Amino acid sequence: MGAVRAWHFVVLTAPEGELAEQATALLKKFGPVHAGSSAGDFGVIDPKDTEGWVVTGHHNDVLTYVGPDEPQDQSEIAVGLSGRSKRHRDGTELHVVHVEDKRGSAAPA
């Protein structure tokens, strides 16, 4: 059985109510790519403490992970296009795999 790879992370900076519904609504609105619009834009972040890249889009809370073994060409443009393609697929398929609720888990000051 192959490993399941998480592709998208939706970070809810102001979580309210049902988290999966809120994240799905963001991904539905900001996931699909529309040529010639800001929905096609992306940026690539190379995190220092993990392998792979994080690809950003036109909403700061929607992030895509691209693993180091995914694009054969590991140039920034190839990684970004790979992440954008994954964002589009996830933004149209809208299947929640995992929800992690950190509300109320912070240690008291």
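1. Buried residues account for 28% of the 109 residues in this protein. Here, buried means under 20% relative accessible area, exposed over 50%, and partly exposed in between (1.4 Å probe, protein chains only).

2. A quick word on what you're looking at: this is a predicted model, where local features need pLDDT of at least 70 and side-chain atom pairs count only at pLDDT 80 or more, while totals for chains, interfaces and linings use all residues. Residues are numbered from 1 along each chain as its sequence is written, and side-chain values use heavy atoms, with hydrogens and water left out.

3. Now the layout. The protein has two helices and four strands, in the order β-α-β-β-β-α along the sequence. Helices (H or I, at least four residues) and strands (E, at least two) are DSSP runs, numbered from the N terminus.

4. Have a look at helix 2. Its buried residues are Ala78, Val79, Gly80, Gly83, Lys86, Arg87, Asp90 and Gly91. Their cover includes strand 1 (8-10), helix 1 (19-30), strand 2 (43-45), strand 3 (53-56) and strand 4 (62-66).

5. Next, find His59 in the loop between strand 3 and strand 4. Is His59 buried or exposed? His59 is buried, since its relative accessible area is 19%. Apart from neighbours within four places in sequence, His59 is in contact (heavy atoms within 4.5 Å) with Leu26 and Phe30. A polar atom of the His59 side chain also lies 3.0 Å from the backbone nitrogen of Asp61.

Notes:
Polar contact = N/O pair within 3.5 Å; in protein donor to acceptor, adjacent residues only side chain to side chain.
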